[in-house]
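Biologist: Before we use any labels, I would like to hear what each of them rests on. Please put the structure up and we will go through them.

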Amino acid sequence: MSGESFEPILFQQQGILAQEERLAVLQSSKKLHIGIPKELFSDENRVALTPSGVRSLVENGHSVVVEKDAGLKSHFTNEMYEQAGATINSSNDEVLSHSIVLKISPPTEKELQKIKPNSTIFSALQINTLSAASLEIIQQKEIIACAYDFLKDDEEKYPILEVLEEISGLASVFLAAQFLSSVNEGKGMLFGNIYGIPSTKMCIIGTNQAALTAAKHALSLGVTVSIFDELVSGLRAISTQLSSQIQTGIYNSEAFQNSILESDVIVAASNTQNLKEIVISEDLIKHMKPGSVVIDLTLDRGGCIESIELQPKTNPYVKHGVIHYGMYNLPSNYAQTASTGINNVLVPLLIQIGIDGHMEHALRLNEGLRDSVFAYKGLVTNERVSRWFEKRYNDIRLLMY
């Protein structure tokens, strides 16, 4: 038998297929028609697919149409997408007419009017910016609406959410260091271990990926870090991952309030499931040291610092003598990095959806994808969304057949 080569075969009812025929069978998956529109929000700089991601999809037999200049703010040119195999189209209507639409920000009412019934939309949820009217259109058109916020992988983790949280956590440390400088009306403090000078103090709220990333980089710069959360299990987990000594505690404790008052920087990265929960009251902010900095990374989930306002055009701003910074899409400031992170999750997922044959079949097979759906065939299928918009909640697992 040595020296002989055998082609892999695939057994079927009619007989067996040689390698070339086998590949044809495996690649007979449904061709996906994907549209990537240009984002309408002026502060949204990201794009859902990079040129390299488009190339992978096209090589797997799918078609991708990119609206003209959709990637420019991420420094991906039209020529780069064309070279990757995408079609560039200047018509927003035609791009939105595809059966799968990939966005960053939630679709607007204007965009939803152009999307065909029974289509599939992938986007961030940003529950503060999704209007009730938009949700109504999604329901009326029986659109399958998938949120990056809820998408899970095989390890029950949130891959897109975590990469964006990691970007936000790292950015929060850079921003805090910038805002503390005297030229920004800060306390004139510098991160770092400088002999004979007390280190800067940072209080982090939450134990998610953003909190972990912020803590790691702040500690590496010599900052004294304290972390507070509502669950002891979260505190235990993050303490295990950090090699340096940190102070930990529970919300609403005396230690928590003292830490807020003593800290030079507050980074809110709370992953609380209670929407609109206020973790830091405005009264507590009033008693912070003048020139301190508070950064809220949770505005897309409702926010948890009472004095923070959604002011993407005027960040940072001073209130009660404290520098405030809050943006619902902070990773958009680092558009190419964030776009690449989103692309790296979406491309293999889309290829698998094509292999599965169609979206409904993929939802039956992929629990993590199913978890991302917040509206399905006219029904609201995410409990948080149903509570926010006061809609009836429908368990999507009971709708699969």
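Modeller: Two strands pair if DSSP finds at least two bridges between them. Strands are DSSP runs of E with at least two residues, helices are runs of H or I with at least four, and both are numbered from the N terminus. This is a predicted model, in which local features need pLDDT of at least 70 and side-chain atom pairs count only at pLDDT 80 or more, while totals for chains, interfaces and linings use all residues. Residues are numbered from 1 along each chain as its sequence is written, and side-chain values use heavy atoms, with hydrogens and water left out.

Biologist: What makes S7 and S8 a pair?

Modeller: Four bridges join S7 (residues 120–123) to S8 (residues 144–147), and the two run parallel. At least two bridges are required, so the pair qualifies. One of the bridges has Ile-121 with Ala-145 of S8 as its partner.

Biologist: Which strands make up the open sheet, and in what order?

Modeller: The order is S5-S4-S3-S6-S7-S8-S16-S17, eight strands with mixed pairing.

Biologist: Why are S5 and S17 called edges?

Modeller: Strand S5 (87–89) and strand S17 (379–380) each have a single partner strand, so one side of each has no neighbour in the sheet. Helix H12 (residues 335–356) packs on this sheet and touches S3 (33–36), S6 (100–102) and S7. Touching, or contact, means heavy atoms within 4.5 Å. The direction of H12 makes about 165° with that of S7; axes are lines fitted to C-alpha atoms, for helices over the stretch in contact, and angles run from 0 to 180 degrees between N-to-C directions.

Biologist: Why is Lys-103 called buried?

Modeller: Buried means under 20% relative accessible area, exposed over 50%, and partly exposed in between, with a 1.4 Å probe and protein chains only. Lys-103 has 1%, so Lys-103 is buried. Lys-103 is in the loop between S6 and helix H5 (109–114), and residues in contact with Lys-103 include Glu-39, Glu-111 and Tyr-148.

Biologist: What makes Glu-39 and Lys-103 a salt bridge?

Modeller: A salt bridge is a side-chain nitrogen of Lys or Arg within 4 Å of a carboxyl oxygen of Asp or Glu. The closest N and O atoms of Glu-39 and Lys-103 are 2.9 Å apart, so the pair meets the rule. The two residues are 64 residues apart in the chain, with Glu-39 in the loop between S3 and helix H2 (51–59). Both are buried.

Biologist: How many salt bridges are there by this rule?

Modeller: The count is twelve. Among them, Arg-46 and Glu-44 meet at 2.8 Å, N to O. Arg-46 has 4% relative accessibility and therefore counts as buried, as does Glu-44 at 2%.

Biologist: Which strands pair with S12?

Modeller: Strand S9 (residues 201–205) runs parallel to S12 and is joined to S12 by four bridges. Strand S13 (residues 293–296) also pairs with S12 in the parallel sense over four bridges. Ile-266 has bridge partners Cys-203 and Val-294. In S12 (residues 265–268), Val-265 and Val-267 point one way, Ile-266 and Ala-268 the other, and all are buried.

Key. Lists of a residue's contacts leave out its neighbours within four places in sequence.
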